[in-house]
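Colleague: I am new to this one. Could you walk me through how to read it, feature by feature?

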Amino acid sequence: MADRPLILHITSEMYPFSKTGGLADVLGALPPALAEKGVDVAVVTPFYGRLSTAGYPVRLLHSDVPVGYPWPPTTAEVFHSDYQGVPVYFISRGEYFDRRFYYNTHRGDYFDNCERFVFFCRAALEWCKFMGRTPDVVHAHDWQAALSMAYLHYWRQIDPFWKDVKTVLTIHNLAFQGRYSSRLFWECGLPTSAWNMDGAEFWGDFNMLKAGIAYADHVTTVSPSYAEEVQTEAFGCGLEGILRKRSADLTGILNGADYDVWDPRGDKYLPHPYCRGNMKGKRICKEHLLREYGMDPIVATRPLLGFIGRLRRQKGIDLLLDILPALMKIGVGVVVLGEGNLEFEAQLMELTEKYQGRLAARIGYTEELAHYIQAGTDIFLMPSRYEPCGLTQMYSLRFGTVPIASAVGGLRDTIVPYPRYGATGFTFAPGDPSAFLRAIMDALSVWDKPKKWTQLRSSAMKASFSWPRSAEGYLAVYKKLGVTAPDA
Ligand code: ADP
Ligand code: GLC
């Protein structure tokens, strides 16, 4: 067993313990998939006040792990759980993580996010050292964990414990960078040499994601298309330059879908299971959803369109709001689940008043409702302006809920657009509401031909994005860095 390499993931979210989006789903599925492939895996993540133990026992391991940040040095508590055979270590420090939300309230980001996640990165690494086994790879996710890449770049030059460690950063969303005043750089414990335009400095500010991109041995993004896009001005969010510089060490690996959680054949939330060979259950799920949302029962005979996601411009919720009146005229039903921008929430609620019975929305998010919508709708809407990978469209495919999505990022990599051979959905030019509406009209004209619709839906349900295959992609990256699983 000793020669199984150890991969340590550092992440700010992990399903089922904490979740604001797809990052959590990835961390709930990738580590167990890697462990299946013959590597040891552990995850380090914050112990939030809102942490859900989801029925898993979580116990205190240590109450006094020294962390050399902030000044004067402080300590962290570390809790432990086990998820699908993967040890999960929770870093706890009440003043940083015991809050109502993870990163922000409706009024904006927490003022001390930089300090919170500098502390988290340092505590994760100190804890690892405390345990005494050097990971072969430290694999960080998004800006909240990115600074660990920079620390390790320097520490491995001076600390024998870290001498041989390799580092990988996965970018799930380039728009969130952890950008702060330069003052905070001087407090985070990186050497002066990291303060330059090829390091942590970004237009005079401290940029935590950029530091990660600069110092990780390898950088990945969550789909091949997004790996290309981030190197362009249109999608690079200002970091296209450094990403182009790192292009030889930049790989796009498509996420998988966790079919143990998202599959209508055995979904624990659904009133009735269903599968490709027997779709009766989908109709029952639709009727259940209509009741749950208090919609007009007549919609059961009409196409029902669903949207699940953060109500932000990224997700194109404004495009949907634009075309909703036109959709209502056509006579389809629409259900929305999400929360986010207060203005979008208000517009949505106003429209639901106006179109009661055929348009319904819930502000917020529950796993249960997300599963109901995936199962009970006929068409899934995903008009994202950019989409690093996107998981909800993968889930909708498996649920036989035909996706209509913008042709961008991971959506391009996962949907075969109609009328191409083997089509699984519809795509349109990102950011264009009339193209979005046209794509919906195209879909409705196929809906009107039941044989064609059944064929399309059946191809959608056959599409498979397995985690074992994605895990292979990550193993190939580790191998490139000289870390190989014994049975690979
Ligand atoms: P993103 O991570 O950009 O939100 P993905 O499609 O990758 O998009 O993943 C979305 C995941 O998060 C799905 O499991 C979806 O059901 C869930 N989700 C969507 N909206 C919310 C929300 N407001 N809070 C928590 N989870 C959400
Ligand atoms: C981010 C992206 C989303 C991706 C998810 C998981 O939240 O916005 O496209 O699927 O991370 O990688």
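**Reading the ligand sites**

Modeller: Start with one contact: a polar backbone atom of P388 lies 3.5 Å from an oxygen atom of ligand 2. A polar contact is a pair of N or O atoms within 3.5 Å; within protein, one must be able to donate a hydrogen and the other to accept it, and residues adjacent in sequence count only if both atoms are side-chain atoms. Note that this is a predicted model, where local features need pLDDT of at least 70 and side-chain atom pairs count only at pLDDT 80 or more, while totals for chains, interfaces and linings use all residues. Residues are numbered from 1 along each chain as its sequence is written, chains are lettered from A and ligands numbered from 1 in the order in which they are written, and side-chain values use heavy atoms, with hydrogens and water left out.

Colleague: Which side chains have a polar atom close to an oxygen atom of ligand 2?

Modeller: N255 has a polar side-chain atom 2.9 Å from an oxygen atom of ligand 2. For Q314, a side-chain N or O atom is 3.2 Å from a ligand 2 oxygen. The protein covers 93% of the 310 Å² of accessible area that ligand 2 has on its own. Such areas come from the Shrake-Rupley method with a 1.4 Å probe; for residues, only the protein chains shown count as cover.

Colleague: Which residues come nearest to ligand 2?

Modeller: A residue is near a molecule or strand if one of its heavy atoms lies within 4 Å of it. Around ligand 2 there are 14 residues, and H172, N255, E387, C389 and G390 come nearest. By class, that shell has six nonpolar, six polar and two charged residues. Ala, Val, Leu, Ile, Met, Phe, Trp, Tyr, Cys and Pro count as nonpolar; Asp, Glu, Lys and Arg count as charged; the others, Gly among them, count as polar.

Colleague: What surrounds ligand 1?

Modeller: Ligand 1 has 19 residues around it, with K19, G22, D25, R310 and Y365 the closest. The shell has six nonpolar, seven polar and six charged residues. A polar backbone atom of T392 is 3.1 Å from a ligand 1 oxygen. The protein covers 92% of the 560 Å² that ligand 1 has on its own.

Colleague: Where does ligand 1 lie relative to the domains?

Modeller: Domain bounds come from an automatic or database domain assignment. Domain 1 (6–256 + 468–480) and domain 2 (280–464) both give residues to the shell, so ligand 1 lies between them.

Colleague: How do I read a nonpolar core?

Modeller: In soluble globular proteins, nonpolar side chains tend to be buried together. A nonpolar core is a set of buried Ala, Val, Leu, Ile, Met, Phe, Trp, Tyr and Cys residues joined through side-chain atoms within 4.5 Å. Buried means under 20% relative accessible area, exposed over 50%, partly exposed in between (1.4 Å probe, protein chains only). In the largest core here, which has 74 residues, L34, Y274, Y293, V335 and Y478 touch the most other members. Helix α1 (residues 22–36) gives the largest share, eight residues. Helices (H or I, at least four residues) and strands (E, at least two) are DSSP runs, numbered from the N terminus.

Colleague: Is S406 buried or exposed?

Modeller: S406 counts as buried because its relative accessibility is 0%. S406 lies in strand β19 (residues 402–406). A polar atom of the S406 side chain lies 2.4 Å from the backbone oxygen of S384.
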